[in-house]
Amino acid sequence: MEELSYHILDLVQNSIRAKATEVEVEIEDSEKKDELIIKVKDNGIGMDKETLRRVTDPFYTTKKEKKVGLGVSLLKETALLCDGKFSIKSQPKKGTTVLAKFKRSHIDLPTIGNLEDTILSIISSSQTFDIVFKIKTDKGEFILDSKDIKKELGDEIPLCSPEVISFLREYINSGIKRIF
Ligand SMILES: Nc1ncnc2c1ncn2[C@@H]1O[C@H](COP(=O)(O)OP(=O)(O)OP(=O)(O)O)[C@@H](O)[C@H]1O
Ligand SMILES: [Mg+2]
């Protein structure tokens, strides 16, 4: 996982696997504060204390086909390597919040990668859950809420239809460009 976008994708996939119906992704990239924050909050099945204790262990996973669960442990390692912070709060049946903070100017900070395509791929597959992206820089904020898009589209047009995808691509690209 060389790029931070992959971590965002992993966290959202973790939330979906945990049966979340609402996911909130917050990204704050501030040159002024010299920090980059990634926060993903969900209302999924959550974790009990024992699971929570093990979630940053690379050998912990509840995926049957795998022996290692690298997503969260790698994110924590990278955040701490970059003079940042890492925390997970979780409550069974309530949900989970993962927060990773990085020192933006740290030499080991991975690139953000293709944030636009990551958002697009998540949002276009969000037919069965709702997700809101809040992306903030020193220049401004870009918010994208799947609920708003679904409201606009009505029941007939699926989020993954080609026309919707090409509209969303434009919309996300220009939104991101405006603030980066
Ligand atoms: N948001 C979440 N809600 C509930 N459980 C979670 C959440 N995120 C992670 N977990 C639990 O922690 C485990 C480890 O997560 P992690 O992302 O590190 O690995 P993984 O998803 O199992 O595998 P990988 O990310 O390498 O494909 C998961 O298998 C899951 O049991
Ligand atoms: Mg994972």
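What percentage of the 180 residues of the protein chain count as buried? I got 28%, where buried takes 20 or more other C-beta atoms within 10 Å of a residue's own, exposed takes 12 or fewer, partly exposed is in between, and the C-beta atoms are placed from the backbone.

**Ground rules.** I am working from a predicted model, so I note that local features need pLDDT of at least 70 and side-chain atom pairs count only at pLDDT 80 or more, while totals for chains, interfaces and linings use all residues. Residues are numbered from 1 along each chain as its sequence is written, chains are lettered from A and ligands numbered from 1 in the order in which they are written.

**Overall layout.** I counted six helices and six strands in the protein chain; these are DSSP runs numbered from the N terminus, helices being H or I with at least four residues and strands E with at least two. From the N terminus on, I read the order as α-β-β-α-α-β-β-α-β-β-α-α. The C-alpha trace spans about 45 × 40 × 25 Å along its principal axes. I looked up the radius of gyration too: it is 16 Å, which agrees with the value near 16 Å for a compact globule of 180 residues. That radius is taken over C-alpha atoms, and the globule rule is 2.2 Å times the number of residues to the power 0.38.

Next I checked contacts, meaning pairs whose C-beta atoms, placed from the backbone, lie within 7 Å. Of those with a separation of 6 or more, 62% join residues 24 or more positions apart.

**Ligand 1.** I found 21 residues around ligand 1, and the closest are Asn14, Ala18, Thr61, Gly69 and Gly71. A residue is near a molecule if its C-beta atom, placed from the backbone, lies within 6 Å of it. Helix 1 (4–17) and helix 3 (71–81) are the elements that give two or more residues to this shell. By class I have seven nonpolar, ten polar and four charged residues there. For the classes, Ala, Val, Leu, Ile, Met, Phe, Trp, Tyr, Cys and Pro count as nonpolar, Asp, Glu, Lys and Arg as charged, and the others, Gly among them, as polar.

**Helix 1.** I went back to this helix, which has 14 residues and reaches 20 Å from its first C-alpha to its last, close to the 20 Å expected at 1.5 Å a residue. The expected span is 1.5 Å times one less than the number of residues. Its buried residues include Leu4, Ile8, Val12 and Asn14. I see the buried residues of helix 1 packing against strand 1, strand 2, helix 3, strand 4 and helix 4.

**The core.** Which residues touch the most other members of the largest nonpolar core? Among its 30 residues, I noted Val12, Val25, Val40 and Ile119. Such a core is a set of buried Ala, Val, Leu, Ile, Met, Phe, Trp, Tyr and Cys residues joined through C-beta atoms within 7 Å. Elements that each supply at least two residues include helix 1, strand 1 (22–30), strand 2 (35–42) and helix 4 (115–123). Leaving out residues up to four places away in sequence, Ile119 touches Phe133, Leu144 and Ile172.

**Phe142.** I place this one in strand 6. Phe142 is buried because 21 other C-beta atoms lie within 10 Å. With residues up to four places away in sequence left out, Phe142 touches Ile135, Gly175, Ile176, Arg178 and Ile179. Phe142 and Ile172 are 30 residues apart in sequence, and I have them 8.7 Å apart C-alpha to C-alpha.

**Positive phi.** Most residues other than glycine have a negative phi. Lys19 has a positive phi of about 65°, and I find it in the loop between helix 1 and strand 1. Lys19 is exposed, with 12 other C-beta atoms within 10 Å. For Lys93, phi is near 70°; Lys93 sits in the loop between strand 3 (85–91) and strand 4. Lys93 counts as exposed because it has 9 other C-beta atoms within 10 Å.

**Asp83.** I located Asp83 in the loop between helix 3 and strand 3. Buried, exposed or partly exposed? Asp83 is partly exposed, with 16 C-beta neighbours inside 10 Å. Asp83 touches Lys103 and His106, not counting residues up to four places away in sequence.

Methods: Two residues are in contact if their C-beta atoms, placed from the backbone, lie within 7 Å.
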